[in-house]
Amino acid sequence: MRRIQFAVMIASGLVALWGAGNPASGPGREVFEKRCTGCHSLDGVKVGPPLRGIFGRRAAAYGSFPYSAALQKSALTWNEATLERWLTDPESLVPDNDMAFRMSRAEERTAIIEYLKQLSEKPARPPSGAARGNR
Ligand code: HEC
C-alpha cells in the first residue's frame, strides 16, 4: 500500500516539474486566466489591450487600443524588469496610466511574465501549408 502511495507522489511531482518547464501550459497560464482575463485577452481588445506578443514589444503599440496618454509617452519596452514593476505597481512605473490593478505576490508575477515571454517566443502560426492558397 505504502509503496503505491509513494509512486503516486513521485508521479505527481514529475507532472508538477514538467508544468514548471512549460509556462504555456503551467502555472503562469492559470494565474493569467484568473487574474488578467477579466480585462485582457490574448488576441482581442477588452478593457485592456491584447497581450499575445507583448514581451519585447514597446508599450502602447497595439494600434486600435485607446491607451492613456501616460502610457503612450512612457517609451517603455516590455521585458522582465518593466513587466515586474508594472504588475507590482503600474502607478509608480507610469503615473496616470489606466490599469487599475496590482499583483502583490512575487511568484504570481514571475509565473505570468514567464507565460507572456513564452507566448512571444513562439508565435502561433498555422501548420505549414495550412491556410495558404485561399487568397
Ligand atoms: C482592471 C482591469 C485590468 C486588469 C485586471 C489587468 N489589466 Fe493590464 N491593462 C489594463 C488597461 C486599461 C491597460 C491600458 C493602460 C493604459 O493605457 O494606460 C492595461 C495595460 C497592460 C499592459 C500594457 C500593454 C501595452 O500594449 O503596452 C500590460 C503588459 C498589462 N496590462 C498586463 C496585465 C497583466 C499581465 C495582468 C494580469 C496580471 C493585467 N494586465 C491585469 C487593464 C487591466
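Two residues are in contact when their C-beta atoms, placed from the backbone, lie within 7 Å. This rule is applied below to a predicted model.

The protein is built from helices. There are six of them, and zero strands. From the N terminus on, the order of elements reads α-α-α-α-α-α. The protein has 135 residues, and 19% of them count as buried. Among contacts between residues at least 6 apart in sequence, 48% join residues at least 24 apart.

Helix α4 has a buried side. Its residues L83, W86 and L87 are buried. Seen down the axis of α4, the buried residues fall within an arc of 90°, so they line one face of the helix. What lies over these residues? The cover of the buried residues of α4 includes α5 (90-93) and α6.

Helix α6 also meets helix α2. The axes of α2 (residues 27-35) and α6 (residues 106-121) come within 8 Å and cross at roughly 105°. Angles of 65 to 115 degrees count as roughly perpendicular. The two helices, α2 and α6, are therefore roughly perpendicular to each other. On the α2 side, the contact is made by P27, G28, R29, V31, F32 and R35. On the α6 side, the residues are E108, A111, I112, E114 and Y115. By class, this contact of α2 with α6 has six nonpolar, one polar and four charged residues.

Residue E33 also belongs to helix α2. Is E33 buried or exposed? E33 is exposed, because 11 other C-beta atoms lie within 10 Å, and a residue with 12 or fewer counts as exposed. E33 and I112 are 79 residues apart in sequence. In space, their C-alpha atoms are 9.7 Å apart.

The model also holds a ligand. The shell around the ligand has 28 residues, and the closest are C36, C39, G48, S68 and N97. Which elements give two or more residues to this shell? They are α3 (69-73) and α4 (80-88). By class, the shell divides into 21 nonpolar, five polar and two charged residues.

C36, one of the closest to the ligand, lies in the loop between α2 and α3. C36 has 20 other C-beta atoms within 10 Å, so C36 is buried. The cut-off for a buried residue is 20 or more. C36 and F101 are 65 residues apart in sequence, yet 9.2 Å apart in space, C-alpha to C-alpha.

T37 is in the loop between α2 and α3 as well. T37 has 13 other C-beta atoms within 10 Å, so T37 is partly exposed. T37 and P50 are 13 residues apart in sequence. From C-alpha to C-alpha, T37 and P50 are 9.8 Å apart.

N97, also among the closest residues to the ligand, is found in the loop between α5 and α6. Which residues is N97 in contact with, leaving aside its neighbours within four places in sequence? They are S68, A70, L71, P90 and E91. Of these, S68 is itself one of the residues closest to the ligand. N97 and Y67 are 30 residues apart in sequence and 8.2 Å apart in space, C-alpha to C-alpha.

Backbone angles single out two residues. Most residues other than glycine have a negative phi. D96 has a positive value, with phi near 70°. D96 is in the loop between α5 and α6, which also holds N97. D96 is exposed, because 10 other C-beta atoms lie within 10 Å.

A75 also has a positive phi, near 55°, and is a residue other than glycine. The place of A75 is the loop between α3 and α4. Is A75 buried or exposed? A75 has 9 C-beta neighbours inside 10 Å, so A75 counts as exposed.

Methods
Residues are numbered from 1 along each chain as its sequence is written. This is a predicted model: local features need pLDDT of at least 70, side-chain atom pairs count only at pLDDT 80 or more; totals for chains, interfaces and linings use all residues. A residue is near a molecule or strand if its C-beta atom, placed from the backbone, lies within 6 Å of it. Helices (H or I, at least four residues) and strands (E, at least two) are DSSP runs, numbered from the N terminus. Ala, Val, Leu, Ile, Met, Phe, Trp, Tyr, Cys and Pro count as nonpolar, Asp, Glu, Lys and Arg as charged, and the others, Gly among them, as polar. Axes are lines fitted to C-alpha atoms, for helices over the stretch in contact, and angles run from 0 to 180 degrees between N-to-C directions. Angles under 35 degrees count as roughly parallel, over 145 as roughly antiparallel, 65 to 115 as roughly perpendicular and the rest as oblique. The arc is that of the directions from the helix axis to the C-beta atoms.
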